[in-house]
Amino acid sequence: MPADQPRTLSVGFVPGVTPGKWVARWRERHPGVPLELHQHDDALTALLEGSDDVVFVRLPVERTGIHLIPLYEEQPVAVMSRDNELSLYDDVPLEDLAGESLLDVVECGGPKVAVEVAATGAGVVVLPMSLARLYARKDAVHRPVPGLPATTIGIAWRVEDESDDVEEFIGIVRGRTAQSSRQPSQREAPKKTASQKAAAKKAAGGKPREQKGARSPQPRKPARPAGSRGKRR
């Protein structure tokens, strides 16, 4: 990263997202630029208000004023009481789910409370598997529902934010290597000349590479003893 731009990179995420692997790569490559993580129920608002530089969101979201890249899909599951007959299935058929009292996540006050209500046997709630695991309880179980559409996790940042550290983090999430020429940290690194490379190698204890066409010095032949000149055997 440029020496004149070190600052704290603020990354937000919605519950259920685990950005640990990307954060670890950032800290390994750019230890001089601190990264802070913040969990939000509404990560998009934190982004638009400027609290975070980059956020992981659950689609769909309003895309006005942001760049957004879809990353991966989440499998939908039905969360229910352990006493519910649907818990006997490995996968819940849609027709059987239709006969249940489905809980509204918003009306329940969020996914955590919805799981608590489902655990009482008052109904069944459909959630992304990551949220079902996050708010798992001993008195509740979750089962996949193959017939339902998956949800998508994406990464978003503000349109007007063209800072190098944001672009660098986006590149890490997209899988670019540390040597990728598309990363700002590599585009700005000055290329070494041949003489600089040779000097660096010599300083490191290595031998400088011989120039093409250069002749290696030949060992000198030992001089003949003076008394042996002109004598025949």
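Helices (H or I, at least four residues) and strands (E, at least two) are DSSP runs, numbered from the N terminus. This is a predicted model, in which local features need pLDDT of at least 70 and side-chain atom pairs count only at pLDDT 80 or more, while totals for chains, interfaces and linings use all residues. Residues are numbered from 1 along each chain as its sequence is written, and side-chain values use heavy atoms, with hydrogens and water left out.

What about partners? Two strands pair if DSSP finds at least two bridges between them. β1 runs parallel to β2, joined by five bridges, and here Gly12 sits opposite His38. β1 also runs parallel to β3, this time with three bridges, and Phe13 faces Phe56 there.

Next comes helix α1 (residues 20–29), where Trp22, Val23 and Trp26 are buried. They end up on the same side of α1 because they cover an arc of only 100 degrees around the axis, taken from the directions from the helix axis to the C-beta atoms. The buried residues of α1 pack against β1 (9–13), β2 (35–39), β3 (54–58), β4 (66–74) and α7 (164–173), where contact means heavy atoms within 4.5 Å.

Conventions. Buried means under 20% relative accessible area, exposed over 50%, partly exposed in between (1.4 Å probe, protein chains only).
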